[in-house]
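Me: I am new to reading protein structures. Can you take me through one, feature by feature?

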Amino acid sequence: MNITVFGEVLWDVFASEKKIGGAPFNFAAHVCRLGGNAALVSAVGNDELGADALKEINRLGVDSAPVAVCDKPTGYCAVTLKNGTPEYDLVKNTAYDFIPVPQEKYFSADALYFGTLAQRGEFSRKTLKKLLSGSYGEVFFDINIRGDFYSDEIIRDSLSASTILKISREEIGVLGIKGDNETVCRELKKIYPKLKLIIVTLDCDGAFVFSCAEETFTYAKKPTVTPVSTVGAGDSFSACFLYNYLSGATAEQCLDRASNLAGFVVTQLGAIPEYPAELLSAIR
């Protein structure tokens with residue numbers, strides 16, 4: 001199984017430490033944890049953060065060949081505390097805003113994955129548009145709204161090209177469609193005919209998937225674990241769902257397995273923990 005992953009690699013930079021992340025990076029790493037092959041189409045700077053990012057990408061088994069090294073600083077989010085509350089500044093004009101077009105072999109895969117943040121700059125947005133002209137079994141749009149780094153045009157164009165949408169109930173309002181979650185899904189099916197599945201995550205209430213062809217809703221069980229950290233949980237969910245879907249599992253199986261993995265990740269510190277053997281056998 002080969003998945004082309006487009007988007008940001010970035011570091012959360014605190015006063016005394018830094019942590020690597022970015023939804024596409026986390027997603028690609030989880031695909032590899034599950035046994036798939038993920039190629040990350042991204043860019044890092046010719047700096048210490050870029051060198052450290054490449055080490056992590058390679059350590060996790062992700063194909064780093066399409067990660068360009070450019071003359072912009074590696075993407076980072078400056079995290080500061082204001083009255084004890086963290087504030088996040090996703091610094092602009094960093095490397096992932098200038099992702100170049102990769103080699104032709106990455107234009108064909110079992111799936112293409114992307115989100116919105118790396119589309120905030122025109123350069124990377126044009127690269128994604130070219131990638132979307134390739135040949136993929138599925139096109140997975142994990143919307144991942146970050147601050148105001150999106151536009152109605154970006155969302156419309158992304159949905160028009162996608163076969164699978166994953167969105168949280170907190171994000172669903174950006175679609176501009178009135179009604180409850182199920183109504184929104186039915187309207188999306190009418191507007192975007194390429195969509196096959198719409199996945200809506202519901203935090204402590206679980207998740208559901210809407211099958212556009214059958215017009216059916218399948219709900220996951222509510223999680224029973226006590227969260228330690230939610231970092232990376234949504235990305236692990238996306239990776240596990242898509243991995244199983246490409247492997248031929250039913251929507252219900254994909255949903256249950258993805259929920260199980262996300263339920264494990266929230267009990268761990270770190271976005272990409274090692275999987276226990278018994279968990280791995282249960283989620284693929």
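Reply: Start with strand pairing. Two strands pair if DSSP finds at least two bridges between them. Keep in mind that this is a predicted model. Now take strand S8, residues 108–114. S8 and strand S9, residues 135–142, are joined by six bridges and run parallel.

Me: Which residue of S9 is the bridge partner of Tyr-113?

Reply: Phe-140 is the bridge partner of Tyr-113.

Me: Which sense does the pairing of strand S1 with S8 take, parallel or antiparallel?

Reply: Parallel, over three bridges. S1 covers residues 2–6.

Me: What kind of unit do S8, helix H3 and S9 make?

Reply: They make a right-handed β-α-β unit. To judge the hand, point the strands away from you and follow the path from the first strand over the helix to the second; clockwise is right-handed. Helix H3 here is residues 122–131.

Me: How many residues of S8 are buried?

Reply: Buried means under 20% relative accessible area. Five of the seven residues in S8 are buried, so by that cut-off the strand is mostly covered. Tyr-113 is one to check: its relative accessibility is 0%, so it counts as buried.

Me: Next, aromatic rings. How many aromatic pairs are there?

Reply: Rings pair if their centres lie within 6.5 Å, and planes under 30 degrees apart count as stacked. By this rule there are 10 aromatic pairs. One of them is Phe-27 with Tyr-113, which is stacked, at 3.8 Å centre to centre and 15° between the planes.

Me: Where in the chain do Phe-27 and Tyr-113 lie?

Reply: Phe-27 is in helix H1, residues 23–34, and Tyr-113 is in strand S8. They are 86 residues apart, so the pair links distant parts of the chain. Phe-27 is buried, with a relative accessible area of 0%.

Me: What about Phe-241 and Tyr-245?

Reply: They also form a stacked pair, at 6.4 Å centre to centre with 20° between the planes. Both lie in helix H6, four residues apart, about one turn of the helix. Phe-241 counts as buried at 0% relative accessibility. Tyr-245 counts as partly exposed at 23%.

Me: Which residues form an aromatic cluster?

Reply: Phe-208, Phe-210, Phe-217 and Tyr-219 form one aromatic cluster.

Me: How does the span of H6 compare with the one expected?

Reply: Expect 1.5 Å times one less than the number of residues. H6 runs over residues 233–246 and has 14 residues. Its first and last C-alpha atoms are 20 Å apart, close to the 20 Å expected. H6 is also mostly covered, with 11 of its 14 residues buried. Among them are Ala-233, Phe-237, Cys-240 and Leu-242. Just after H6, look at Gly-248, which takes a positive phi of about 100°.

Me: Now the charges. How many salt bridges does the structure hold?

Reply: Look for a side-chain nitrogen of Lys or Arg within 4 Å of a carboxyl oxygen of Asp or Glu. The structure holds 12 salt bridges. Glu-56 and Arg-59 form one, with the closest N and O atoms 2.9 Å apart. These two are three residues apart in helix H2, residues 48–59, so about one helical turn separates them. Arg-59 counts as exposed, at 53% relative accessibility.

Me: Which residue does Glu-215 meet in a salt bridge?

Reply: Lys-189, at 2.5 Å from N to O. The pair links distant parts of the chain, 26 residues apart: Glu-215 is in the loop between strands S12 and S13, and Lys-189 is in helix H5. Glu-215 counts as partly exposed at 43% relative accessibility, and Lys-189 counts as partly exposed at 27%.

Me: Which residues are linked in a network of salt bridges?

Reply: Arg-169, Glu-170, Asp-205 and Lys-222 are. Within that group, the side chains of Lys-222 and Asp-205 meet at 3.6 Å, N to O. Lys-222 lies in the loop between S13 and H6, and Asp-205 in the loop between S11 and S12, so the pair ties together parts 17 residues apart in sequence. Lys-222 is exposed, at 55%; Asp-205 is partly exposed, at 26%.

Me: Where does the charged end of Lys-72 sit?

Reply: Over the ring of Phe-98, 4.9 Å from its centre. Look at Lys-18 too: it lies over the face of Trp-11, at 5.2 Å from the ring centre.

How values were computed. Residues numbered from 1 in each chain as written. Predicted model: local features only at pLDDT ≥ 70, side-chain atom pairs only at ≥ 80, totals over all residues. Heavy atoms only, no water. Buried < 20%, exposed > 50% of the residue type's maximum accessible area, 1.4 Å probe, protein only. Phe/Tyr/Trp six-rings, centres within 6.5 Å; stacked < 30°, edge-to-face > 60°. Lys NZ or Arg CZ within 6 Å of the ring centre and 35° of its normal.
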